[in-house]
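Biologist: I am new to this structure, so please take me through it step by step, beginning with the terms that I will need.

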Amino acid sequence: MRIGVHPNNLHLRLARLWPGAFADLQPIFVSYAEGRDTAALLESGDIDLGGTGSTPPLEADIRGLGVEYVAASAPRPANGAIFVRRDSSIGSVAELKGRRISLIDGSFHTYLLARSLEGEGLSLPDVERVESGARDALADLLEGRVDAWVAMSPRLEKALERDDVRSIVRCGAAIPNRSLFWTLQRNGLSATETRAIVSELSRIGTEIAADPRAAARLLASGDRSGSGDRGGSGDRGGTDIDAWEKVVRSRDFTVVPINDEIIAEQQEEADTLLRHGHFDTPIVLKRSLETTK
């Protein structure tokens with residue numbers, strides 16, 4: 001099985017380094033730059049399974065690719081935030097109207113921004129979205145090229161320790177922020193394969209939680225050896241073991257099979273992004289296979 005790995009899905013990033021991971025599925029781990037590339041790689045057959053935030057599979061469904069959800073992480077409320085400069089006049093999300101916001105558009109950043117704005121009676125067209133891509137978004141913020149920055153781990157933890165930026169909203173106040181593990185229906189994963197994927201993701205997650213220092217050591221050694229993925233959304237500056245341990249401890253690595261609660265969350269996101277004009281057609285998600293067996 002070809003399993004896609006990009007820098008911002010730490011579960012699969014660790015799975016690639018974890019002893020014996022997915023052994024029964026004869027895994028081939030395929031590195032790529034960022035989560036937004038997942039749909040194209042699944043469509044071309046370069047990978048059979050990917051892991052992203054909640055938005056990329058919806059983007060794939062909009063393209064008519066026929067997403068099949070396999071598993072999901074627990075909510076990760078600490079894994080995203082919107083930052084402004086410490087000396088900025090912006091004191092709340094309501095004051096983002098008309099401002100330039102740096103983000104990875106089409107990732108969960110878009111949903112976090114949309115839900116945060118919606119809570120203040122605003123919508124995505126009320127701000128200017130600036131694609132961060134391969135840019136150094138923190139430098140853009142500090143040097144005034146943007147007014148706010150949507151950040152995620154591991155750069156988020158580093159930003160929280162700085163005295164020249166401050167957060168105005170955290171993920172947990174706006175969205176569930178799960179990792180989703182998914183494929184396309186055309187790839188034809190069997191029920192046996194999907195159960196094996198869920199089982200392995202769960203096992204690895206349990207072992208990560210039991211020894212976060214070991215997980216941090218693997219992530220740090222991967223960075224130093226150059227085996228870590230490279231891409232615009234990754235950790236450009238490198239992260240040491242202590243910093244990685246904080247990241248690992250900050251999240252719940254529990255993984256569960258797809259169920260109706262998670263499908264309902266995805267439907268709410270699809271409907272929200274439609275309201276905000278990010279999508280121009282509605283998406284109607286089907287009930288999960290897990291709950292119809």
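Modeller: Two strands are said to pair if DSSP finds at least two bridges between them, and helices (H or I, at least four residues) and strands (E, at least two) are DSSP runs, numbered from the N terminus. This is a predicted model, in which local features need pLDDT of at least 70 and side-chain atom pairs count only at pLDDT 80 or more, while totals for chains, interfaces and linings use all residues. Residues are numbered from 1 along each chain as its sequence is written, and side-chain values use heavy atoms, with hydrogens and water left out.

Biologist: Which strands form the edges of the mixed open sheet of five strands?

Modeller: The strands of this open sheet follow the order β7-β6-β8-β5-β9, with mixed pairing. Two of them pair on one side only, and these edge strands are β7 (128-131) and β9 (165-170).

Biologist: What angle does the direction of helix α4 make with that of β5?

Modeller: Axes here are lines fitted to C-alpha atoms, for helices over the stretch in contact, and angles run from 0 to 180 degrees between N-to-C directions; contact means heavy atoms within 4.5 Å. Helix α4 (residues 108-118) packs on the sheet and touches β5, β6 (100-103), β7, β8 (148-152) and β9. Its direction, compared with that of β5, makes an angle of about 70°.

Biologist: How many of the residues of β4 are buried?

Modeller: Buried means under 20% relative accessible area, exposed over 50%, and partly exposed in between, with a 1.4 Å probe and protein chains only. The strand lies in an open antiparallel sheet with the order β3-β10-β4-β11. Strand β4 is mostly covered, and its buried residues number seven of seven.

Biologist: Asparagine 177 and glutamine 26 both have positive phi values; which one is buried and which is exposed?

Modeller: Asparagine 177, with phi of about 55°, is found in the loop between β9 and β10 (180-184), whereas glutamine 26, with phi near 45°, lies in the loop between α1 (10-17) and β2 (28-31). Relative accessibility is 5% for asparagine 177, so that this residue counts as buried. Glutamine 26 has a relative accessible area of 66%, and the exposed residue is therefore glutamine 26.
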